[in-house]
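Subject: Structure handover

Hi,

Here is the structure I promised to pass on to you. My notes on what turned up follow just below.

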Amino acid sequence: MKQITITQPKLVTDFSCVGGSCREHCCQGWAITLDKASVRRYQNSKDNAIRHLAQQSIKVTKKSHAAWGEIIFSDGNKNCPFMNSERLCSIHSSLGGDALSDTCATFPRLKRIYKSEIEKGINLSCPEASRLLIADPYAMTMDSTIELHNGFNKAEKASVQTKIIGLFCLNILNIDTLSVEENLYGIVKFLLFAEKLERIDEHFDQLEAVYHVIASDLLNGKIKNELAGVNQNYNLKSAVIFLMQNFFKAKSASRGALVLLEFIKTMDRLFELFADDKKSSAQMAKIETGWQDNAGNMLACHHYAFHNLVKYKFWQSAFPLGNGKNLFSNLYLIVSEFYFIKTLLAGRLYEKGRVTEDDVIDAIYSFHSLTQHNTQTSAQFHQYIESVKFGDDLSLIQLLV
Ligand code: SF4
């Protein structure tokens, strides 16, 4: 028998689908692909209702064994035709959990498989996953267990160099600060040192020493002061916001879009309200000042919410690995996504005078519904972000001030 280490954040351990009481069901407004076995099972089911529905509501595409068919959604409410009047899955109720397709049986759970390790995550496009992330201060503490399997997984070993960098970054994020931007700036400093090393694993002592200096500078306020000295670049900030908004406006038919577009409409109204300032950079400055002056109340209740969100983005992207891009390119992606979500909340705060826990959940789950639905959407979104940074990965520092 071989030992396989399973690691997952606490929110993944705690997750349980809330079914009918979900604020935006995952069986709504999304493309759902079905594997070959499931298509056959439903279309030949002995249960008349399931068989009848399957024959009418599954388009057989035969793209691959994993994507043999697609659910045809109703034009009106965009619900999955298998969803019953109690907003529960009729396949699950009639045929049992084992009859679910791979897609439906696993969503929103995710897995990264290495030879002797499995890392588990969860898709934040699920509102309940987003709720757990921001409502529990310990949501991103890691649970680790050992399972005995007949053999190792048929996958590559996890890269030691990647693991070391990822762990140091998560440790920097775990340092208790009032603003996660300081932790991210600490990570920039750590990575600037690490990227000069040819073999990370041969310089562990040096990395540890740098980590300790950064940890102490985060706690004694030195990093906060350094960050305060970075020049504001509202041109970059407004460019990031406008480009991302355009991306989402073009996706208005997808699940989560109505919720996200409400945030975007608020931003549009604010830019119009400040139209006398002529330049969008000056308008952006006003929205941000409102956030800096008034976000304290929200952050006082949930000061760990943004820390958890950023930690999750590191975990979910297997930072620094993700997408085969370089360290700072991947960090730019995380920082710009975080900056966008924070700015949507800043807009809501400016307009309504407060930001509730529900607002934060809505911003996080709707954003991820439109960016994380499948690998194709994520790649498309990340390619889009690439065009915003004007060729300079380190401009991400200006999104932290
Ligand atoms: S989105 Fe999440 S909580 Fe909602 S129905 Fe799907 S799995 Fe359940």
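The C-alpha centres of domain 1 and domain 2 are 46 Å apart. The division is into domain 1 (27-106), domain 2 (160-223) and domain 3 (229-399), with bounds from an automatic or database domain assignment.

Please keep in mind that this is a predicted model: local features need pLDDT of at least 70, side-chain atom pairs count only at pLDDT 80 or more, and totals for chains, interfaces and linings use all residues. Residues are numbered from 1 along each chain as its sequence is written.

Around the ligand sit Cys17, Val18, Gly19, Cys22, His25, Cys26, Phe107, Pro108, Cys126, Pro127 and Glu128; a residue counts as near if its C-beta atom, placed from the backbone, lies within 6 Å.

There is also an open sheet of four strands, in the order E5-E6-E1-E7 with mixed pairing (strands are DSSP runs of at least two E residues, helices of at least four H or I, numbered from the N terminus; two strands pair if DSSP finds at least two bridges between them). Its edges are E5 (109-113) and E7 (142-149), each pairing on one side only. E1 (residues 2-9) and E6 (residues 117-122) run parallel and are joined by three bridges; Thr5 has Glu117 in E6 as its bridge partner.

Finally, twelve of the 15 residues of helix H17 are buried, so this helix is largely enclosed by the rest of the structure. Buried means 20 or more other C-beta atoms within 10 Å of a residue's own, exposed 12 or fewer, partly exposed in between, with C-beta atoms placed from the backbone. Among the buried ones are Asp362, Tyr365 and His368.

Best wishes
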